[in-house]
Amino acid sequence: MGGSRGLMGPEAFAKLRAMIDDLLSKKADCSDDGVSAVSAAKLKAARKITFTGAVTGSATFDGSADVTVNLAASASAAGFLQAHPVGCVYMTTVHTNPGPLYGGTWVERPSVGAFLYERTA
């Protein structure tokens with residue numbers, strides 16, 4: 001810095017700019033030692049995002065670009081969820097949680113005979 005007003009000369013400014021550019025161009029060590037990367041071109045392993053229940057669809061996401069998931073609506077699942085709001089208990093003779101088929105979050109409750117599931121979300 002120079003001058004009485006604290007202005008930087010062109011040479012000092014160019015040197016500072018080169019230092020900043022150098023720092024910004026460095027990449028973080030992305031090894032598995034627990035260090036987080038400052039940035040990355042994409043995920044180390046792609047992830048599949050899947051929707052089930054009242055709508056279904058999936059897409060693979062690796063972080064290199066946005067993804068769009070085309071969803072298909074299930075009228076039967078939507079109707080089932082509407083008929084079974086949160087707090088409702090569903091009774092069935094099949095020991096299968098209704099969540100993967102219809103959506104929602106279901107918790108199995110103790111019962112004798114039939115299987116009971118309570119919708120919690």
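How many aromatic pairs does a search of the whole structure find? The search finds four. The model examined here is predicted. One of these pairs joins phenylalanine 80 and tyrosine 90. Their geometry is edge-to-face, with 5.2 Å centre to centre and 80° between the planes. This pair links distant parts of the chain. Phenylalanine 80 sits in helix α2, tyrosine 90 in strand β4 (residues 89-92), and 10 residues separate the two. Phenylalanine 80 has 9% relative accessibility. That value is under 20%, so the residue counts as buried.

Tyrosine 90 also forms an aromatic pair with tryptophan 106. Here too the arrangement is edge-to-face, at 6.1 Å centre to centre and 65° between the planes. Tryptophan 106 belongs to strand β5 (residues 106-109) and tyrosine 90 to strand β4, so this pair ties together parts that are 16 residues apart in sequence. Tryptophan 106 has a relative accessible area of 6% and is therefore buried. Ring pairs link Phe80, Tyr90, Tyr102 and Trp106 into a cluster.

The largest nonpolar core consists of six residues: Ala77, Phe80, Leu81, Tyr102, Trp106 and Tyr117. Helix α2 (residues 75-83) gives the most to this core, contributing three residues. In soluble globular proteins, nonpolar side chains tend to be buried together. Beyond its neighbours within four places in sequence, alanine 77 contacts Gly53, Ala54, Leu101 and Tyr102. Phe80, Tyr102 and Trp106 of the core are also named in the ring cluster.

The secondary structure of the protein comprises three helices and six strands. From the N terminus, the elements follow the order α-β-β-β-α-β-α-β-β. Three of the strands form an open sheet, ordered β1-β2-β3, with antiparallel pairing. Strands β1 (47-51) and β3 (72-73) are the edges, each pairing on one side only. Between β1 and strand β2 (residues 55-61), the antiparallel pairing runs over five bridges. Phenylalanine 51 stands opposite glycine 57 in β2.

Whole-protein values complete the description. Of the 121 residues, 14% count as buried. The accessible surface comes to about 9200 Å². Carbon and sulfur atoms account for 59% of that surface. Among contacts between residues at least 6 apart in sequence, 26% join residues at least 24 apart.

Technical notes. Residues are numbered from 1 along each chain as its sequence is written. This is a predicted model: local features need pLDDT of at least 70, side-chain atom pairs count only at pLDDT 80 or more; totals for chains, interfaces and linings use all residues. Side-chain values use heavy atoms; hydrogens and water are left out. A nonpolar core is a set of buried Ala, Val, Leu, Ile, Met, Phe, Trp, Tyr and Cys residues joined through side-chain atoms within 4.5 Å. Buried means under 20% relative accessible area, exposed over 50%, partly exposed in between (1.4 Å probe, protein chains only). Helices (H or I, at least four residues) and strands (E, at least two) are DSSP runs, numbered from the N terminus. Contact means heavy atoms within 4.5 Å. Two strands pair if DSSP finds at least two bridges between them. Accessible areas come from the Shrake-Rupley method with a 1.4 Å probe; for residues, only the protein chains shown count as cover. Rings of Phe, Tyr and Trp (its six-membered ring) pair if their centres lie within 6.5 Å; planes under 30 degrees apart count as stacked, over 60 as edge-to-face and the rest as tilted.
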